[in-house]
Amino acid sequence: MEKLFVLDTNVLLHDPMALNAFQEHRVVIPMTVLEELDAIKDRRDKDVSREARIAIQAIDKIMFNASPAEIQAGVEIPTAREDGRCGTLSIFADQLISHDSDAPYLDGSVHQTNDNRIINVAMHLQATRPEAYVCLVTKDINMRLKAKGSGLANVEDYRRDRVLDDIEYMAKGYEQISGDFWAGVEEVETVRDGAQTLHTIDRARHPSAHLNQFLLDEHDFVGYVRNVSENRLQVLDLSREQLMHQRLWGLKPRNMEQAMAFFLVQQPHIDMNVLTGPAGSGKTLIALAYGLHAILEERRYDKLIVARSTPPIAEDIGFLPGTEEEKMAPWLAAFDDNLEVLHGNDESPFSSIEYVKDKANIQFKSLNFMRGRSFNNAYIVIDEAQGLTQFQLKSIITRVGANSKIVVLGNLAQIDNKYISPLTSGLTYLVEKSKHFPHAGIMHVNGIERSRLAAFAEENL
């Protein structure tokens, strides 16, 4: 059966290269989508405008030599498939749809929404091509409901960016083993490397284990995966007591997940840490404490860069008064709060915080202004990353230069972007794609230590 996929604008903004995701099938772009991309490409919001321009360029790359008749009929999309079968891309002139027919079109007049016009394209194709499978692809939930309610048989979310079927399967950075870790281990090779004890066991015992992952049993064993081969697993034997007695800038862990995160951020071979978990679990505090420790005590980095994406209402911070740091202050108040926690018991907390900000060279940045830069000898903290797309996170991480470490923080329960879900968040994508990278460390910091009220709200409200 011939398959036709009608793409909504938000699909191309979410993944500018989505045209390559539909294999040998036909992709249809309504004229209204091109008009929306044209309006978006000049917006002040640099992220979305850039993605609109990339999508337009991808369409042009396929169609630049085609005639008007070929564009409406369908132009082949270049493919790397082994069987050589390729799909086609066409532009549908939705302004030419006649509303005098019996098809149940939505009102597509100039006073109505662009969503109606895009839905009408799918409905027109469904009415005129009954032998084909016609599907509207959109990330807008309400648009999917409108389309189904209007009689469109096939409506889907864009799923290519999903790396998991269920968020429960996302890597947590540790594996909880029921019973005793050593039960059933028939062969083990144990060596001493200085003060460290390394065990090498059969990988079949833990086939899903990956580098920089922790293995915990219900007794006292805590292991850290140091090396993974085809058949063998090398595990560093750690002490629960020593993990719980770690100190970073006066901070100590309150639970085992925090203790493992403490250990992980201090590993010199790890260039990127991803800390996930609920609000109040201590992610930001751990990241900040190690940053201050690494810069002021270890002299490992020259500066601490704190960045986050500004909320939609503040996408353009240019109208706020002051420098970039002063403009970002309202959105980065959480870091000031955490500095107060770290220095709250000092004789003069305010003076201590100002001193630390100056000596650690703490810089506050907006992600909207990090494009094209290169950060060397820097410790970088990206906060509230759950609302970023895969494309945005990739463009940020590629900015990390030599002798730098990046720590990405996020809570998948607090996504504000209406087109992103926990399964399609760039944070989920980053965790799953980097868990096998030897220089990346992942930890889901569970347990809410902020207050008993915060724990109640997270679990019950």
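1. Aromatic pairs: there are eleven of them in this structure. To count, two rings of Phe, Tyr or Trp (its six-membered ring) need centres within 6.5 Å; planes under 30 degrees apart are called stacked, over 60 edge-to-face, and the rest tilted. Phe181 and Phe221 make a stacked pair, because their ring centres are 4.1 Å apart and their planes sit at 15°.

2. That pair ties together distant parts of the chain, 40 residues apart: Phe181 is in the loop between strand 7 (174–176) and strand 8 (188–193), and Phe221 is in strand 11 (residues 221–228). Helices (H or I, at least four residues) and strands (E, at least two) are DSSP runs, numbered from the N terminus. Both Phe181 and Phe221 are buried, meaning under 20% relative accessible area with a 1.4 Å probe, protein chains only.

3. A word on the source: this is a predicted model, where local features need pLDDT of at least 70 and side-chain atom pairs pLDDT 80 or more, while totals for chains, interfaces and linings use all residues. Residues are numbered from 1 along each chain as its sequence is written, and side-chain values use heavy atoms, with hydrogens and water left out.

4. Next, have a look at Tyr133. Together with Phe5, Phe22 and Tyr158, Tyr133 forms one aromatic cluster. The charged end of Lys3 also sits over the Tyr133 ring, 5.6 Å from its centre (the cut-offs for Lys are NZ within 6 Å of the ring centre and within 35 degrees of the ring normal).

5. Finally, Ser425 lies in the loop between strand 17 (405–410) and helix 14 (426–434). Ser425 counts as buried because its relative accessibility is 0%. Its side chain reaches the backbone nitrogen of Leu427 at 3.1 Å.

Key
Buried means under 20% relative accessible area, exposed over 50%, partly exposed in between (1.4 Å probe, protein chains only). A polar contact is a pair of N or O atoms within 3.5 Å; within protein, one must be able to donate a hydrogen and the other to accept it, and residues adjacent in sequence count only if both atoms are side-chain atoms.
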